[in-house]
Amino acid sequence: VVPRPRTPVPARELRPLAIPEPLEVRTDRRGYPVRVCVRQRWRYVAAIQDEWEVDIEWWRPRPICRRYLRVLLEDGRCLTLFHDYVSRQWYRQTC
Amino acid sequence: MAYRPAHETLIGCVYIPSFAVQVERARRPDWHHLPLALVSAGRQPRVVACSPEARMLGIRREMLAGEVIATAPQVVLAEADEPFYRQTFEQIADGLEVVTPLVEIAPPGRAFLGLEGLVNERGEPGLPTLYASPSALMAALEGSVPPRYWARFGIARGKFMAEVAARLGAALGPDILRSASGRCVWVADHARAAVLAPLSPRLLPVSLPVRERLELFGIGTLGGLAQLRLSAVQAQFGREGRRAWLLAQGRDEEPLQPRKPTPEISATLNLPAPEASLPGLLAATREVLDAALRQAAQSGRGIGQVRLEALLETGGRWGQVVTFKKPGTRTDHLFPPVRYLLERTHPPAAVESLTLTCTGIVPTLLGQQALYLEPGEELAAALAFELRQLEARLGRSSVFVIREVEPWSPVPERRFQLVSYAP
């Protein structure tokens, strides 16, 4: 008996906007960024303009625990970075 | 093929003992030799299935989870994943269709197969059949269930006899035909009464009060029941008594009810990150409903019922069925009941992927189109046509719109999402 063909339809994906991108960062002793690698070029951080923390969903297996920093680079560009306390990685947030 | 009454139809029974436990162990190999108890969800979880090791420790069905912990603390407790078991058994039933297209699913872990006419039972010369001998059919049956599940098979005339053969295969005595592995037994017609005679009436699919009264009457075997007069049994036990008496004779009048090959349209959506919030789930559900309806629209049919299933971050599954008052073809009409369901019965954990299956696909009587379209509608229809063409050529949706999901979220990637544009 020939089995009925049931071709599965491939799963769809939702595409969130502003997905964080991993970023290479050099930090000082206090954990603040000193240099960041943007488009394969290292640039110094001229100033830290803002700092805030997001600590939510701590009850879930993968909580969100981040320290956000808005930094001014030496070339005048502003960048929003965050340090993920769970993965211990730095990310660039486009928003 | 000539008509045969139900009790004269050759039936195969596939019986997978402790099916839920076997599925869990196939999923978690490290639980293989541990005592395992599966409990229901809710505030007062009760045992719905347990492994033989747990039974030896005193665990029984319907025990409260607290009682299990008190009785045997070493027992592994896990929440039963009913949608996954159902889905797994459907896949097993798909495999059984290789043997015969007539497959009836009788949960938990049981299926009946219509085998009439597939085998040359009496060895008549020149009779063309799919299986040359009973042993060939038994081998085909054994090979149709994936080897990771330990299953037993019974073949006999009538569903009850086939199930008894599957469940008690090894203990049925010498008058039956066994496969080489011993997992499949065939009870011949002439041996039915002799096989059933020494068995307990507890095997009968009748209500508990009838079983208890049979014991009170001192009827300890099916043979004892079969020797009574039908009128006497019927006078005491009514309709159930008649059924019990016929079953004790080896006659099951319940016909096979094979599952119908219903068309299903299914769409799955993988979420970029586990989603726990209601707005995020609603957006994802709307997207997956949209995708399913686009497929249904291509066949010119409406949707009367959908099954929404979610794979949870915790590894479990969640599922609900929504039946619409009127079959529809548009997301605007079908989404509100689904939304209400999600608001009322939220999944118990964050969702990793959503699958929406349209089960009730019916010819649509709604949505009669006007003869002349408004200028804007004409443009939208042309755009929709071009987008469908583009999607068919590329194999994926290539035009998106930005949708607000959780604009208040402190996590920027949760605020907006790109969803396929469907005019």
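The model is predicted, so local features need pLDDT of at least 70 and side-chain atom pairs count only at pLDDT 80 or more, while totals for chains, interfaces and linings use all residues. Residues are numbered from 1 along each chain as its sequence is written, chains are lettered from A and ligands numbered from 1 in the order in which they are written, and side-chain values use heavy atoms, with hydrogens and water left out.

**Chain A**

- Chain A has zero helices and nine strands; helices (H or I, at least four residues) and strands (E, at least two) are DSSP runs, numbered from the N terminus.
- Of the 95 residues in chain A, 37% are buried; buried means under 20% relative accessible area, exposed over 50%, and partly exposed in between, with a 1.4 Å probe and protein chains only.
- Among contacts (heavy atoms within 4.5 Å) in chain A between residues at least 6 apart in sequence, 36% join residues at least 24 apart.

**Aromatic pairs**

- Rings of Phe, Tyr and Trp (its six-membered ring) pair if their centres lie within 6.5 Å; planes under 30 degrees apart count as stacked, over 60 as edge-to-face and the rest as tilted.
- By this rule there are seven aromatic pairs over all chains.
- One of them is the stacked pair of Phe82(A) and Tyr91(A), at 5.2 Å centre to centre and 20° between the planes; both residues are buried.
- Phe217(B) and Phe237(B) form an edge-to-face pair because their ring centres are 5.8 Å apart and their planes stand at 75°.
- This pair links distant parts of the chain, 20 residues apart: Phe217(B) is in the loop between helix H8 (208-216) and helix H9 (222-227) of chain B, and Phe237(B) is in helix H10 (residues 230-248).
- Phe217(B) is partly exposed at 46% relative accessible area, whereas Phe237(B) is buried at 12%.
- Trp52(A), Tyr68(A), Phe82(A) and Tyr91(A) form one aromatic cluster.

**Charges over rings**

- A charge sits over a ring if NZ of Lys or CZ of Arg is within 6 Å of the ring centre and within 35 degrees of the ring normal.
- Arg67(A) lies over the face of Tyr32(A), 5.0 Å from the ring centre.
- Lys159(B) lies over the face of Phe112(B), 5.3 Å from the ring centre.

**Met161(B)**

- Met161(B) is in helix H6 (residues 159-167) of chain B and is buried, with a relative accessible area of 1%.
- Leaving aside neighbours within four places in sequence, Met161(B) is in contact with residues including Val187(B) and Leu196(B).
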